[in-house]
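The structure is shown below.

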Amino acid sequence: MTISEDLNRRFSPGPQLTFGETADGLVVAAIDTPQASAALCLQGAHVMTWRPKTQAEPVLWLSGLAKPTPGKSLRGGVPVCWPWFGPHATDGALPAHGFARTVPWRVAAAGVLGDGAVELALELVMTASARGMWPRRVRAGLRLVIGETFRAELTTVNEDDAEVVIGEALHTYFRIGDIAQARVRGLEGCEYLDKVDGGARKRQDGAIGFAGETDRIYVDTKAACVIEDDRLRRRIHIAKTGSRSTVVWTPWTEKADRMGDFGPEGWRAMVCVESANAADNRVTIAPGDNHTLSVEYRAENF
Ligand code: BG6
């Protein structure tokens, strides 16, 4: 029996959620319900696509060049950054954004909720290499509820006998019509660290519009955000709990060209609004304690 046959036998509640495998042996799950379609890769617990059926366009952006590859994160969808965000604080040789997005995750439970949404509970597998990078007794789990809305809960459980400090993000790439005709509301007046200006602390004046590379950590921001997309005539609502930072990132043309995995003009059709705990907002978890960061996304047309 293949891995995906075994997963289908143990966890598939029906045609709404089915598991398959790539030629490289990575497990992908396909979700198809009357409300939505979605796909995710078990490596990284990486949701790749999500489209509520009320929407002509997917709500998540995925690079046209993205292909699940062992040990490599996908460009797009919802990468899970954990247990640190951005470069590691003391060791520049460790991978940016931690290792959660490149290690295998296992399925713990799956089902269909009363409203038809698919629920999936995943657990991070602490590989020997991950333990080498972060030798702590800590578990991470991701609960997904995918339907007309998208919910994700990233839970960290500290089973160590010392406190742990984590940085984390659901580094979501949202699909938009044209970055030059989109703005993010909800962070007006908030303080941010401007990564394209050496980390300078600044204050947001009005809604966030885009005219070049933007890479900002808005600190102490718990409120919901909205992406307003004039081209697709759509608003994407981003609500969250357990997250005190919001990262807004778009590479613009030169950085996207340097990065090489955006595909032609891919950068125009995406913006990352990341629900995070980063920089000043990293989370300290006492021994035996746990912490959950959760998001809920919803799209509406205007
Ligand atoms: C963002 C960071 O969260 O992620 C950016 O603020 C970074 O600085 C971007 O370039 C993408 O990171 P990566 O590791 O997926 O290329």
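R143 forms a salt bridge with E119, and their closest N and O atoms are 2.6 Å apart. Because R143 belongs to strand β8 (residues 138-146) and E119 to strand β7 (residues 118-124), the pair ties together parts that are 24 residues apart in sequence. R143 is partly exposed, with a relative accessible area of 26%, and E119 is likewise partly exposed, with a relative accessible area of 23%. The model is a predicted one, and these values are computed from it.

## A bridge between two loops

A salt bridge also joins the side chains of D178 and R231, at 3.7 Å from N to O. This pair links distant parts of the chain, 53 residues apart: D178 lies in the loop between β12 (173-175) and β13 (182-185), whereas R231 lies in the loop between β18 (225-229) and β19 (234-241). D178 has a relative accessibility of 10% and therefore counts as buried, the limit being under 20%, while R231, at 47%, counts as partly exposed.

## A bridge within a helix

The side chains of R9 and D6 meet in a salt bridge of 2.9 Å, N to O. Both residues lie in helix α1 (residues 3-11), where they are 3 residues apart, about one turn of the helix. R9 counts as exposed, since its relative accessibility is 56% and the cut-off is over 50%.

## Network and total

R183, R185, E228 and D230 are linked in a network of salt bridges. The count for the model comes to 22 salt bridges.

How values were computed
Residues are numbered from 1 along each chain as its sequence is written. This is a predicted model: local features need pLDDT of at least 70, side-chain atom pairs count only at pLDDT 80 or more; totals for chains, interfaces and linings use all residues. Side-chain values use heavy atoms; hydrogens and water are left out. A salt bridge is a side-chain nitrogen of Lys or Arg within 4 Å of a carboxyl oxygen of Asp or Glu. Helices (H or I, at least four residues) and strands (E, at least two) are DSSP runs, numbered from the N terminus. Buried means under 20% relative accessible area, exposed over 50%, partly exposed in between (1.4 Å probe, protein chains only).
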